[in-house]
Amino acid sequence: MSKFWSPFVKDLVPYVPGEQPKLAKLVKLNTNENPYGPSPKALAAMQAELNDNLRLYPDPNGERLKQAVADYYAVQPAQVFVGNGSDEVLAHVFQALLKHSKPILFPDITYSFYPVYCGLYDIAYETIPLNERFEIQVDDYFRPNGGIIFPNPNAPTGVPLKLTEIERLLKTNTSSVVVIDEAYVDFGTESAISLIQKYPHLLVTHTLSKARSLAGLRVGYALGHPDLIEGLLRVKDSFNSYPIDSLAAAGAIAAMQDREYFESSCKKVMATREHLVVAIQKMGFDVLPSGANFIFAKHPAWDGADLAAQLREHGIIIRHFKRPERIAPYLRITIGTDAQNQQLITVLQNLIT
Ligand SMILES: Cc1ncc(COP(=O)(O)O)c(C=O)c1O
């Protein structure tokens, strides 16, 4: 605390990211990174970019990257916005599209950055409870609002929502923007990108951090009507002209173009997820359905915090949320390699049986 702070800073409640431990030996299943590493073509493209051109500023709007994203989804570059990780894209979304007179709506259990952005930009919000199986019920969102945002699949639960339900929401809620945060969509959830041509109030955000295994590069993007994108560009150009550096642009373009590597990496993660789900269900865990690269599970005989602490003692870190209380019994476990998965299963078997 300092008298030099702008007054609102003392009331900010910042987001707390998952731990990035210093001990290399830990099995790290706590921040939903992809265990398989980025496309070798992305690494080569970044190596090639390590040259004297770094003295120049990058393209302010990442036009080549926008084109690569547009090509991937068969949309126009004017429907694409790129930013420094989807967290930055989301920050601009909150400021550019979700700050109106009515409160915005998001689930009571969801990505914990959303209330943080609301605090930063002074946006009123209401949370809508998930049902008892942690599902989003779109009917609960049919009420006046300044915008709607949720991840699909939801985080930290991993529970997917059907595209038909998202379309029902878009048809009913036409006077405010609906943002679908698809950070984990490539691990088996239906994307809403196919709906952006039809619904000018739909914005879909994505990241290269998960399915494309480039969390360290910080690249994310949004797809939607050019008018929504223009609003985002106005905010971005009032904040940072160059959010995507030259190396990040080169790596991200190559990653978007390497469809084969991306698909095979997602497939491996999903296969490992299914193996893990079966193995821990046999131990008595209740596992929520997951369309993500993580699962959310609880054991009837264990307290969530205790089990997380025990796993850590055995060199495995997963994520445990103390709040909201309803999710305190659960562990969020990122899907690792098959070897990491086996290590986790063995440790859990020893602890639980
Ligand atoms: C639901 C959700 N959205 C967005 C992000 C942000 O991802 P990034 O800033 O790495 O693109 C995360 C990160 O964990 C997330 O869980």
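Analyst: One term to begin with: contact means heavy atoms within 4.5 Å. This is a predicted model, where local features need pLDDT of at least 70, side-chain atom pairs count only at pLDDT 80 or more, and totals for chains, interfaces and linings use all residues. Residues are numbered from 1 along each chain as its sequence is written, and side-chain values use heavy atoms, with hydrogens and water left out.

User: What does T189 touch?
Analyst: T189 touches N152, P153, P160 and G291, leaving aside residues up to four places away in sequence. The T189 side chain also reaches the backbone oxygen of G291 at 2.9 Å.

User: Is T189 buried or exposed?
Analyst: T189 counts as buried because its relative accessibility is 11%; buried means under 20% relative accessible area, exposed over 50%, partly exposed in between, with a 1.4 Å probe and protein chains only.

User: Where is T189 placed?
Analyst: T189 lies in the loop between β6 (178-181) and β7 (202-207). Strands here are DSSP runs of E with at least two residues, helices are runs of H or I with at least four, and both are numbered from the N terminus.

User: New topic. What is the strand order in the open sheet of three strands?
Analyst: The order is β9-β10-β12, with antiparallel pairing. Two strands pair if DSSP finds at least two bridges between them.

User: How many bridges join β10 and β12?
Analyst: Four bridges, and A297 stands opposite L331 in β12.

Technical notes:
A polar contact is a pair of N or O atoms within 3.5 Å; within protein, one must be able to donate a hydrogen and the other to accept it, and residues adjacent in sequence count only if both atoms are side-chain atoms.
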